[in-house]
Amino acid sequence: MTGLRYVYAVCHPFDAPLQAQLTGVAGDPPRLLSHHGLIAVVSHVPERDFAEEPLHRRLEDLDWLTETARAHQSVIDALTVVTTPLPLRMATVFRDDSGVRVMMEAREDDFRRTLERLAGRVEWGVKVYAEGEPQEAPAAAPKPASGRDYLRQRRSRMRTDEDMWQRAEEFATRLHASLSSYAEDSRLHAPQNPALSRHSGRNLLNAAYLVPRDSSEEFVELVDRTKDETKTDGSGMRVELTGPWAAYSFAGEQSAQESAGGQP
């Protein structure tokens, strides 16, 4: 089959088969390209969409971008079941197999070091949200009798809000410290914008944790206990857990590298 080479990830050789009927970007099944004892997971994609110029245009098409991201992630998820992949940036594309091998040889030492560090580990994501008001609203304040009363009530409400957000920040900080003690490494990401994430409440913690597979059950149980506690304590806090994922947040520069100008 002709076309450009789309690279999903680099990994060590593995024996377990990928799931049946797995398709990748543009509907092409992924295949394994071996080089110097490493494997690049690739598929063919059409030049009309993935050559440098049309790709720039396509990346502005939200529907196309969403479909491509889902297909890319489906391959990474399938790899995570059978091995420890080192995911590359979405839309990492090369002209042919030779271009992929040149990239692998140039970055071979970095790939090997990172794969060794990530072997047997997965990434879990934890987010903490705080609603704008506590679950039990305070009793309505009496109508102010004067401008001075109004200012006094306003200052009181501001202090109450400040106290609430401080407690929420302290909760998120304690949870991050507790989860970090179970993980081998952690990353704090920027809080999500609610207008973009479509989640209610203020995002106080947006973190990723690198956890050995054989310790993941304990990690998940700790998060689940915390989630249960926040549902009943009236604090207005919400904890969300996602994963297990390939270790995107801990892949160093590999997942953020440019694809050498598009198609070498």
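The protein chain comprises eight helices and nine strands. Of its 264 residues, 42% count as buried. Among contacts in the chain with a separation of 6 or more, 78% are accounted for by residues 24 or more positions apart. The chain exposes about 14,900 Å², of which 50% is supplied by carbon and sulfur atoms.

Confidence in the prediction was examined along the chain. The mean pLDDT is 84, and 79% of the residues reach 70 or more. Over residues 134-139, however, the pLDDT is below 50, and this stretch has three contacts in the model beyond near neighbours in sequence. Residues 254-264 also stay under 50 in pLDDT; for these residues the model has 35 contacts beyond four places in sequence. Where pLDDT is low, the predicted coordinates should not be read in detail.

Helix 5 spans residues 108-118, and its buried residues are Glu-108, Phe-111, Thr-114, Leu-115 and Leu-118. Viewed down the helix axis, these buried residues fall within an arc of 135° and therefore line one face of helix 5. The face turned away from the buried side carries the exposed residues Asp-109, Arg-113 and Glu-116. Cover for the buried residues of helix 5 is drawn from several elements, including helix 4 (97-106) and strand 1 (4-11), strand 3 (38-45), strand 4 (86-87), strand 6 (121-130) and strand 8 (202-212). Just after helix 5, Gly-120 adopts a positive phi of about 75°.

Terms used. Residues numbered from 1 in each chain as written. Predicted model: local features only at pLDDT ≥ 70, side-chain atom pairs only at ≥ 80, totals over all residues. Heavy atoms only, no water. pLDDT = per-residue confidence, 0-100. Contact = heavy atoms within 4.5 Å. Buried < 20%, exposed > 50% of the residue type's maximum accessible area, 1.4 Å probe, protein only. Helix = DSSP H or I, 4+ residues; strand = E, 2+ residues; numbered from the N terminus. Arc of directions from axis to C-beta. Areas by Shrake-Rupley, 256 points an atom, 1.4 Å probe, with all protein chains shown as cover.
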